[in-house]
Amino acid sequence: MSNTPDAEVIDICQRLVRIDSSNYGANGARGETEVVDVVAELLAEIGVTSTRYSAVEGRPCLVADWVPEGTDTSRPFLLLHGHSDVVPVAAEDWTVDPFSGEIRDGFLWGRGTLDMKDFLAMILSAIRARHRRGEVPSRPVRFILFADEEGSGDLGSTWMGQNHPEVFDGVTEAISEVGGFSLPTPSGKRAYVVQSAEKGLWWFRMKATGLAGHGSMHNPNNAVTRLAAAVNRIASHQWPDLRHPVQEEFLARAAELWNLTIDRDNVERSLAPLGPLALMAGSGCTNMVTPTVLDAGYKANVIPSRATAELDARFIPGHEDEMIATIKELAGEGIEFETISTKPSVEAPWRGPAVDAITSALQAEDDGAVVLPFLNPAGTDGKGFGELPNGHHIDCYGCTPLRLPEGFEFLSLFHGVDERVPLDALQFGARVVDRILGES
């Protein structure tokens, strides 16, 4: 076996992708134990022991420390983490069997190749290669494989943060998804975006009640009408530009790299030269609320006495309370609220050992690379442990390093059909992770 960090990454990723670890949310999950078994075996082969924690049977999280002799144990732990589950698929829509791990046209195909069994393979390949070379990390490394990320983490990172905060003792910085992928710039150099903040979330249900009656008659106390008006007011609200420091840094650097003028009234359109990232980055300026589920009635000619809606609200770090207050004010009278799930926002300074190591590693593997932070409008497992109940704070960064071919529709494949990762991007990522381990 070669001692290079990219020697095993394709085989390991393929092995993990071939495990169907689909997470169906309230309807359960499969395969997470099998993924943990494979990861534990690969670590055990180099003498690294691991411990499992389970919120419920069949949904394990795995924790392992890699602190070989000679590691500087006076330094705090660097946490590398990922999740074992993937979103479900409609196999009939795919070009290949989504759990075959097929290699075709220079890509590894399958569910999880981008989200996020690729990063698990990079970590394992880099650690195993370092072990074979007899090279120690620059600081102690803790690796955690979480369950249930695709189900909001209530049985994974959130549960671990609430029930086993001790597993994060000694950790000051963490690296995982989302970020590290490349974008071409007009100069010919590549830019790599690294998450250093992410929005928090409030998933909530609104309920309106009214007077049941016949659909043919006027009814001023119609629950459907009241709920629909509330949903419309919330969905059409123009949220203010909050100018978070991470977003401002990203926009300033993007404007410079792509020679853009940023229209604060339409940031997404201003960022159009960035391709699919424009939609993601444009969502990082304001709080956002999206209606996703409506439920009312059972027959066309019957006015129901009850109507409900579920909405997905995402807030800029530091603006949770004002967002919730605004939502309730917009909803108006006669609307009841119920929380489905709430997760905190996460933010970290764009400085420190992890940032320096990420930047140095990317530039070493891609000469002239530009590294810039961004605010992720979605979520990661960092929400579960970035701020722990005991007051311990961990700086969380998103960097799954991928040097991508120009024109590759990377973001559209997340949770999408025909998810796949370029083989050379996987190998690039393993080399970057190897450098991070040596430089962090």
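Arg314 counts as buried, at 17% relative accessibility; buried means under 20% relative accessible area, exposed over 50%, and partly exposed in between (1.4 Å probe, protein chains only). Arg314 pairs with Asp312 in a salt bridge and is among the residues closest to the centre of the largest pocket. This is a predicted model, in which local features need pLDDT of at least 70, side-chain atom pairs count only at pLDDT 80 or more, and totals for chains, interfaces and linings use all residues. Residues are numbered from 1 along each chain as its sequence is written, and side-chain values use heavy atoms, with hydrogens and water left out.

**Salt bridges**

- Side chains of opposite charge can pair when their charged atoms come close.
- The structure holds 31 salt bridges, each defined as a side-chain nitrogen of Lys or Arg within 4 Å of a carboxyl oxygen of Asp or Glu.
- In the pair of Asp312 and Arg314, the closest N and O atoms are 2.7 Å apart. Asp312 is buried, at 18% relative accessibility.
- Asp6 and Arg431 form another salt bridge, with an N to O distance of 2.9 Å. This pair links distant parts of the chain, 425 residues apart: Asp6 sits in the segment before helix 1 (9–17), and Arg431 in helix 13 (residues 423–439). Helices (H or I, at least four residues) and strands (E, at least two) are DSSP runs, numbered from the N terminus.
- Asp6 is buried at 16% relative accessibility, whereas Arg431 is partly exposed at 22%.
- A network of salt bridges links Asp6, Glu365, Arg431 and Arg435.
- Arg253 and Glu249 also form a salt bridge, their closest N and O atoms 3.5 Å apart. They are about one helical turn apart because 4 residues separate them in helix 6 (residues 245–258). Arg253 is partly exposed, at 23%. Glu249 is partly exposed too, at 31%.

**Largest pocket**

- The largest pocket holds about 880 Å³ of space.
- On a 1 Å grid over the protein atoms alone, a pocket is an open set of points with protein on both sides within 12 Å along at least five of seven lines, and lining residues have an atom within 4 Å of a point. Grid points are joined across faces, edges and corners, and a volume is the space filled by probe spheres set on the points.
- Of its 31 lining residues, the closest to the centre of the largest pocket are Arg314, Pro377, Ala378, Gly379 and His415.
- Elements giving two or more residues to this lining include helix 4 (157–163), strand 10 (200–209), strand 14 (306–315) and helix 11 (382–385). Helix 8 (277–282) and strand 12 (288–296) are also among them.
- The lining of the largest pocket has 11 nonpolar, 11 polar and 9 charged residues. Ala, Val, Leu, Ile, Met, Phe, Trp, Tyr, Cys and Pro count as nonpolar, Asp, Glu, Lys and Arg as charged, and the others, Gly among them, as polar.

**Second largest pocket**

- The second largest pocket has a volume of about 500 Å³.
- Of its 20 lining residues, Gln238, Trp239, Asp265, Gly282 and Thr286 are the closest to its centre.
- Helix 5 (223–235), helix 7 (267–270), helix 8 and strand 12 each supply at least two lining residues.
- By class, the lining of the second largest pocket has 8 nonpolar, 8 polar and 4 charged residues.
- Domain 2 (200–239 + 287–344) and domain 3 (241–286) each give at least three residues to this lining. Domain bounds come from an automatic or database domain assignment.

**Nonpolar core**

- The largest nonpolar core has 91 residues. Such a core is a set of buried Ala, Val, Leu, Ile, Met, Phe, Trp, Tyr and Cys residues joined through side-chain atoms within 4.5 Å.
- Val39, Leu62, Ile175, Phe250, Leu271 and Leu277 have the most contacts inside the core.
- Helix 13 gives the largest share of this core, 9 residues.
- The core lies between domain 1 (8–182 + 345–438) and domain 3 (241–286), because both give residues to it.

**Backbone exceptions**

- Most residues other than glycine have a negative phi, and most peptide bonds are trans.
- The peptide bond from Asp115 to Met116 is cis, with omega near -15°. Met116 is in the loop between strand 5 (107–109) and helix 3 (117–133).
- Glu177 and Val178 are joined by a cis peptide bond, with omega about -5°. Val178 is in the loop between strand 7 (171–176) and strand 8 (179–184).
- Asp105, not a glycine, has a positive phi of about 60°. Asp105 is exposed, at 65% relative accessible area.
- Ser152, not a glycine, has a positive phi of about 90°. Ser152 is buried, at 18%.

Definitions and conventions: On a 1 Å grid over the protein atoms alone, a cavity is a set of points where a 1.4 Å probe fits but cannot get out, and a pocket is an open set with protein on both sides within 12 Å along at least five of seven lines; lining residues have an atom within 4 Å of a point.
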